[in-house]
Amino acid sequence: MSDDIFSGKKIILGITGCIAAYKSAILLRELIKRGADVKVVMTPSATEFIAPLTLSTLSKHEVIINIFPQSQKNGTALSTWHIDYAVWADLMIIAPSTVNTIAKIAHGFADNALTTLVSALRCPLLIAPAADVDMYENKITQQNIYTLEENGIYIIHAEEGELASGLSGKGRFPEIDKIIDASELILSGYKKDLAAKKILVTAGPTYEDIDPVRFIGNRSSGKMGFEIAKSAFLRGANVTLISGPVREKIYPEINFIKVRSANEMKKEVEKELKGNEVLIMSAAVADYKPSTVSNKKIKKEDKLTSIKLTETSDILASIEKKDKIVVGFALETDNELKNASKKLISKNLDMIVLNSLKDMKSGFEVDTNKITIIKKTGKQIKFPLMSKFQAANKILTEIIKIKNQKIVF
Ligand code: CTP
C-alpha cells in the first residue's frame, strides 16, 4: 500500500453552483490520483455548470444531486444515503462553495442533498468558497464564514484576483494544489493552530557572483523551506518567505521576498525579523563568496586558475534573538548529531533540524526527508523518512511546544 496519506481515504466532494465548479473535475481527478475513494454530491444548480456524467465517470460512483436520488426511486437501497455517506467519509470537501451554501450551513439548513449530508457529518469539513467580489465581501457572508470557522470547519479563504465577471478583487477559487495541501493537512490531523502567528521562513540556496555569467551556488531546491512556509500558512500563520533562486511555487497570500546572495538574504532577514515571532532558517546560505566580482565576463584567455574567497556573515549567529523563537537547519554528512548540537549551541538556537545526506531519499532535490529535531534542552526526536510536507508539519508542531514567555501558542 502507498504511504500517501490520501491512499484509501474516503472523501466526499461537494460541488455547488458557481462558475468555478468546472475546476472540481480537476480536483476530483487529483484526489483519485493520490489514491482516495471519492463520492460526489452536487446541488441542483451545480449541474448547470458541470455535467454529473463527467464526475460520475471520474469517481466511478453515482453522483447524488437530489435528496431522493435516482437509484432510490425503484427501491430502498439508498434510503438513508445521507447517513451512510456521513458515516463512511474521512473528509468532506465543498469546492467551490457558493455564499448561499455557506449561509445554509452556517444556519443549520438541510434543504438539499448536500446540506442534508453536511448536517449529519462526523468527519472534518473543508470549504473553499468562491464568489464575485461583492458577494464574497458582503458582511453577512463574512459573518457566516466566521461562524463556520468558529465551529471548527476549515475554510480556505478565497484569493484575490481577476473574477469571471471581469471585476477584480477577493473571491477567486484557490489553485487546486492549495485545496489538496489543505486536505492533506486535515487528513494528517492538523488544524489552524498557528492562527495569526507571524512566522519568517528562509529557503533555497544563495548565489555568490563571480562575474555577470557565473556564480558559486549549491544544490538546495528550496522544497523544505517552501513546504514549511505553505504548512505554516495553512495552519493559520501570517508567513513571510525569503528565498534564494528556486523554481518552487508559493501561495499568493505569502509575503514572498526573492533574494540572490547571502548578503541580500541577511539584509532582508534583519528587516523582516522585527515584525515576526518565529524565524525558521532553512536556507542553504553560502559560507564564502568571491572576494571581488568581475563586472565583465572572465575570458578563457584570462587563465583564471583560482578564485579568492571571503567569508560571508553568518545570519543565524549574528541576528538579535530576544523574544523570538529561532530554528536552524543542519545538513551533515558525518558526525551528524554532534555537529548539529554544536551548531545549536554556538548559534544560540531554540531548535535545530538535522538532515543527513547519508540517506538517498533525504536532502537535496527530493520530495522526502529524514529529519532529527534537537531541542535546546538536548531532547532529540528522530523521524522516519517522510514527505517534506509531513516533515514541515512535524517541525511546526515541535515549535509550538517550545515554551517562550513572549509567544503563546
Ligand atoms: N546559516 C546562516 N548564515 C550562514 C550560513 C548558515 O544563517 N552564512 C544558517 C543556515 O541557514 C542553517 C544553519 O545556519 O540554518 C546551519 O547551516 P550550515 O550550512 O549547516 O552550517 P554552517 O554554520 O555553515 O557550518 P558548516 O557549513 O561548516 O557545516
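Tutor: Start with Asn348. Asn348 sits in the loop between helix 12 (336-346) and strand 17 (351-356). Helices (H or I, at least four residues) and strands (E, at least two) are DSSP runs numbered from the N terminus. This is a predicted model, where local features need pLDDT of at least 70 and side-chain atom pairs pLDDT 80 or more, while totals for chains, interfaces and linings use all residues. Residues are numbered from 1 along each chain as its sequence is written, and side-chain values use heavy atoms, without hydrogens and water.

Student: Why is Asn348 called partly exposed?

Tutor: Asn348 has a relative accessible area of 45%. Buried means under 20%, exposed over 50%, and partly exposed in between (1.4 Å probe, protein chains only). The value for Asn348 falls in between, so Asn348 is partly exposed.

Student: What is noted about phi of Asn348?

Tutor: Phi is near 55°, a positive value in a residue other than glycine. Ala196 also has a positive phi, near 70°. Ala196 lies in the loop between helix 8 and strand 8 (198-203).

Student: Is Ala196 buried or exposed, and what makes it so?

Tutor: Exposed. Its relative accessibility is 53%, and the cut-off for exposed is over 50%.

Student: What makes Thr206 count as buried?

Tutor: Thr206 has 0% relative accessibility, which is under 20%, so Thr206 counts as buried. Thr206 is in the loop between strand 8 and strand 9 (208-209).

Student: Which side chain makes a polar contact with the side chain of Thr206?

Tutor: That of Glu208, at 2.9 Å. A polar contact is a pair of N or O atoms within 3.5 Å; within protein, one must be able to donate a hydrogen and the other to accept it, and residues adjacent in sequence count only if both atoms are side-chain atoms. A polar side-chain atom of Thr206 also lies 3.0 Å from the backbone nitrogen of Ala286.

Student: How do you know that Ser221 is on the buried side of the cut-off?

Tutor: Ser221 has 18% relative accessibility, under the 20% limit, so Ser221 counts as buried. Ser221 is in the loop between strand 10 (215-216) and helix 9 (223-234). Its side chain reaches the backbone nitrogen of Lys223 at 3.3 Å, and the limit is 3.5 Å.

Student: Why is Glu268 called buried?

Tutor: Glu268 is at 19% relative accessibility, and buried means under 20%. Glu268 belongs to helix 10 (residues 262-273). Its C-alpha is 8.0 Å from that of Ile257, eleven residues apart in sequence.

Student: What makes Val133 buried?

Tutor: Its relative accessible area is 9%, again under 20%. Val133 is in helix 6 (residues 133-137).

Student: What share of the protein is buried?

Tutor: Buried residues make up 51% of the 409 residues.

Student: Which residues have the most contacts inside the largest nonpolar core?

Tutor: Ile93, Ile179, Ile280 and Ile395, in a core of 72 residues. A nonpolar core is a set of buried Ala, Val, Leu, Ile, Met, Phe, Trp, Tyr and Cys residues joined through side-chain atoms within 4.5 Å. Helix 8 (residues 176-187) gives this core its largest share, seven residues.

Student: Why do you say that this core lies between domain 1 and domain 2?

Tutor: Both domain 1 (10-70 + 80-187) and domain 2 (198-294 + 306-401) give residues to the core, so it lies between them. The bounds come from an automatic or database domain assignment.

Student: Which residues come nearest to the ligand?

Tutor: Met281, Ala283, Phe329, Lys343 and Lys347, out of 16 residues around the ligand. A residue is near a molecule if one of its heavy atoms lies within 4 Å of it.

Student: Which element gives the most to the shell around the ligand?

Tutor: Strand 16, with four residues.
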